[in-house]
Amino acid sequence: MTQARPMVAAPSTTAPSVALSGAALRFGDRTLWDDLDLAIAPGEFLAVLGPNGAGKTSLLQVLLGLRKLSAGAVEVGGRPPRRGSSVVGYVPQQKAFDRDLPLRGRDLVRLGLDGHRWGLARRNRETRDRVARVIDDVGATAYADAPLGLLSGGEQQRLRIAQALLGDPTVLLCDEPLLSLDLHHQRAVSELIDTRRRAANISVVFVTHEINPILSMVDRVLYLVGGRWAVGPPDEIMTSERLSDLYNTDIDVLRVRGRIVVVGTPDAAHGEPGGDHHHPVDTGPVPGPPRAPAGSTGGRTG
Amino acid sequence: MGLWFYLQQPFAQHALIAGTLVAIISGLLGPFVVTRGAAFAVHGTAELSFTGAAAGLLIDGDAILGALIGSVVVGGAIGLLGVRQRERDSAIGVILAFGLGVGVYLLSRYHGFATQATNILFGQIFGVSDGQLELLIGVAVSVLIATALLYRPLLFASVDPDVAEARGVRTRLVGVAFLLVLALTVTEAAQIVGTLLVLSLAITPAAAAGRLSARPGRVTALSVAFALVAADGGLVLSLQTNVKASVLISTISFGIYVVARLVGAATRDRRGRRTTAAPARPYPATPTARV
Ligand SMILES: Nc1ncnc2c1ncn2[C@@H]1O[C@H](COP(=O)(O)OP(=O)(O)O)[C@@H](O)[C@H]1O
Ligand SMILES: [Mg+2]
């Protein structure tokens, strides 16, 4: 180990916080993914990559208990997933709030705690302090009382993370939380998530179009493409061979100044210059040194 | 004759009681109407209460009961047909067009007082009977209780539907329940301001409140207060001036909105920010990791 990590993988001693076995998801005769075996260890940071429509969001919906598997089994925190579970925190796909929304950031965070209960919220000092503490943890105190719709995308995203962390989850599910953020906020938001997962040993499942902003944090990558998948450390998956195999076409994976540039994917999804993303290739975080692989790599093609 | 004389008459007291209740429930639901973009649902259910009222008149000679029953049917239908807002809007359009046609037919079969029909469109609260007043009170109290129960999940589902769903809120169920209480509220409001001016109680006060605060509790309180001022103020003024109450209510309501916009515009952008000059910090104030 070259970095102080809380853990990388110790599957034999700790129960996984997320376990999928033989898992498949189909719509009609279309298979998003199948035969998926994956165990996510406590504190592990898993990036989920893949083109649009590969089934990344659907995977999170399965883990949230909003969608049933077509086949196979899934457990989150040792039990089948169920809606509203306190084990799971959820940061949805970044969507700006309406400017006129009559809500403050503080109210949004609070809803994460008891918004699903019937009746009116009671004033309660303990709850208020808890909300204030988590807002402080994400560095959002300065604007927590401003109208939510007037905050920047990055500020809104921090409050969403605070909302997700409020219930002390052991699994944090993030759906493209960096989308439409500028580089500076991409970095701040991903470091925030990383810090919190290390502090509380939270497993993070991080769906993203763009691995570079989180490359230094990622333990393993789950790469989904048109019904196929591969899982393993970034160094193992983000290679020309593996991706060419997955996409069934020639893909070049280049390392440019510590960043990964994928050239040739049909939807140009990964940091390809001139692709649909908003980050120049020559800036951004420099990833840490390579780490010991997580051991478990699997994958299936065909 | 003076206002004091009128205020001692049962017809005026009935109107004020009904106006007060309607203002409370409209003001309470208004912020959700704004947040959920449900203005068209309000308008649609209000106009369709015309159909229910016409049916009520024809069958039993009671427009209010017919309108209330009709609104529940309509609210439920809209809720079941449309899930997302866009779907909902076209569902409302479809039901509205058909329902109004039925209403026109029913009214053409009705041979009672023609003013009963115009009262539906423009409101006539000064004519409610004791029995109708009891009905209005009963429905308003039920709406009040239902809204209090729904409040938190409805707020969650309205502002943040994806996370609400994941946290276990039955957003679909909550949405249908909301449309049902909304339809009842709108129908009650239509008794006072008429189906054509319902928005002046169901939206305008909430929109005004939203200009002044972003705290959900405060927005709701202001919205109820504004609706009360408009409804009771309009009724009292109407007693004194002989101008139709619905005209005065919508005018007062609009006046409040204009003032709120002016006041709100001056303060809104900086509201709630602790520091004025501090630029966004490059990194979050992360606590030292306990690793
Ligand atoms: N209920 C559904 N019925 C049929 N197809 C669906 C349903 N939900 C999602 N899909 C399809 O599944 C695919 C995967 O969606 P999603 O998980 O959102 O992909 P990603 O997040 O990777 O872009 C999409 O093509 C979508 O159209
Ligand atoms: Mg998605």
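Modeller: B:Asn242 is placed in the loop between H12 and helix H13 (245-267) of chain B; helices (H or I, at least four residues) and strands (E, at least two) are DSSP runs, numbered from the N terminus. This is a predicted model, in which local features need pLDDT of at least 70, side-chain atom pairs count only at pLDDT 80 or more, and totals for chains, interfaces and linings use all residues. Residues are numbered from 1 along each chain as its sequence is written, chains are lettered from A and ligands numbered from 1 in the order in which they are written, and side-chain values use heavy atoms, with hydrogens and water left out.

Colleague: Why is B:Asn242 called exposed?

Modeller: Its relative accessibility is 73%, and the classes are buried under 20% relative accessible area, exposed over 50% and partly exposed in between (1.4 Å probe, protein chains only). B:Asn242 therefore counts as exposed. This residue also has a positive phi of about 70°, although it is not a glycine.

Colleague: Which class does A:Asn248 fall into, and what makes it so?

Modeller: A:Asn248 has a relative accessible area of 58%, so it is exposed. The residue sits in the loop between helix H7 (240-247) and strand S10 (252-256) of chain A.

Colleague: What makes A:Thr170 partly exposed?

Modeller: The relative accessible area of A:Thr170 is 40%, so the residue is partly exposed. It lies in the loop between helix H4 (153-165) and strand S6 (171-175) of chain A. Leaving aside neighbours within four places in sequence, A:Thr170 is in contact (heavy atoms within 4.5 Å) with A:Val87, A:Asn201, A:Ile202 and A:Ser203. The C-alpha atoms of A:Thr170 and A:Asp100, 70 residues apart along the chain, are 34 Å from each other.

Colleague: How do you know that helix H11 of chain B is mostly covered?

Modeller: Seven of the nine residues of H11 (204-212) are buried. They are B:Thr204, B:Pro205, B:Ala206, B:Ala208, B:Ala209, B:Gly210 and B:Arg211. These residues pack against helix H2 (10-35), helix H10 (199-202), H12 and H13 of chain B.

Colleague: And chain A as a whole: how much of it counts as buried?

Modeller: Of its 302 residues, 56% count as buried. Chain A holds seven helices and 12 strands. Among its contacts between residues at least 6 apart in sequence, 66% join residues at least 24 apart.

Colleague: Why is the pair B:Glu165 and A:Arg83 called a salt bridge?

Modeller: Their side chains meet at 2.6 Å, N to O. A salt bridge is a side-chain nitrogen of Lys or Arg within 4 Å of a carboxyl oxygen of Asp or Glu, so the pair qualifies. Five salt bridges are found across the interface of chain B and chain A.

Colleague: How many residues of each chain are in contact across that interface?

Modeller: 41 residues of chain B touch 57 residues of chain A. The buried area is about 4500 Å², with 54% from carbon and sulfur atoms; buried area is the accessible area (1.4 Å probe) that two parts lose on being put together, summed over both.
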